Amino acid sequence: MEIPGILAVVLIVAGVWSLVVWPQFLKRVMKDPRARDAAGKATKFLTVHVVLVTISMVLGLATAAIGIAGLVA
């Protein structure tokens, strides 16, 4: 399957965006007082956000990879 060049670039930009934005979001979540309980243990708030960020970054990486493959092919 061939992807038009402009669409490949859009995929690359979207993937890079995810890889840049989500780690910054996670840094803020980890500093949030709701992220840890009184004993310092991770809360469900933190766990859910770590899963969200992980999935989003994997999808961002896949999106960028598809875009790069579209430019190379």
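A residue is called buried when its relative accessible area is under 20%, exposed when over 50%, and partly exposed in between, using a 1.4 Å probe and protein chains only.

## Basis of the report

The model is predicted, so local features need pLDDT of at least 70 and side-chain atom pairs count only at pLDDT 80 or more, while totals for chains, interfaces and linings use all residues. Residues are numbered from 1 along each chain as its sequence is written, and side-chain values use heavy atoms, with hydrogens and water left out.

## Helix H1

Helices are DSSP runs of H or I with at least four residues, numbered from the N terminus. H1 contains 27 residues and reaches 40 Å from its first C-alpha to its last, close to the 39 Å expected at 1.5 Å a residue; the expected span is 1.5 Å times one less than the number of residues.

The buried residues of H1 are Ala 8, Ile 12, Gly 15, Ser 18, Leu 26 and Val 29. Their cover includes H2.

## Packing of H1 and H2

H1 (residues 5-31) packs with H2 (residues 44-72) at an angle of about 160°, their axes lying 7 Å apart. Axes are lines fitted to C-alpha atoms over the stretch in contact, and angles run from 0 to 180 degrees between N-to-C directions. H1 is therefore roughly antiparallel to H2, a term for angles over 145 degrees.

## The connecting loop

Thr 43 is found in the loop between H1 and H2. Thr 43 is buried, with a relative accessible area of 18%. Leaving aside neighbours within four places in sequence, Thr 43 is in contact (heavy atoms within 4.5 Å) with Arg 34, Ala 35, Arg 36 and Asp 37.

Key:
Helix = DSSP H or I, 4+ residues; strand = E, 2+ residues; numbered from the N terminus. Parallel < 35°, antiparallel > 145°, perpendicular 65-115°, else oblique.
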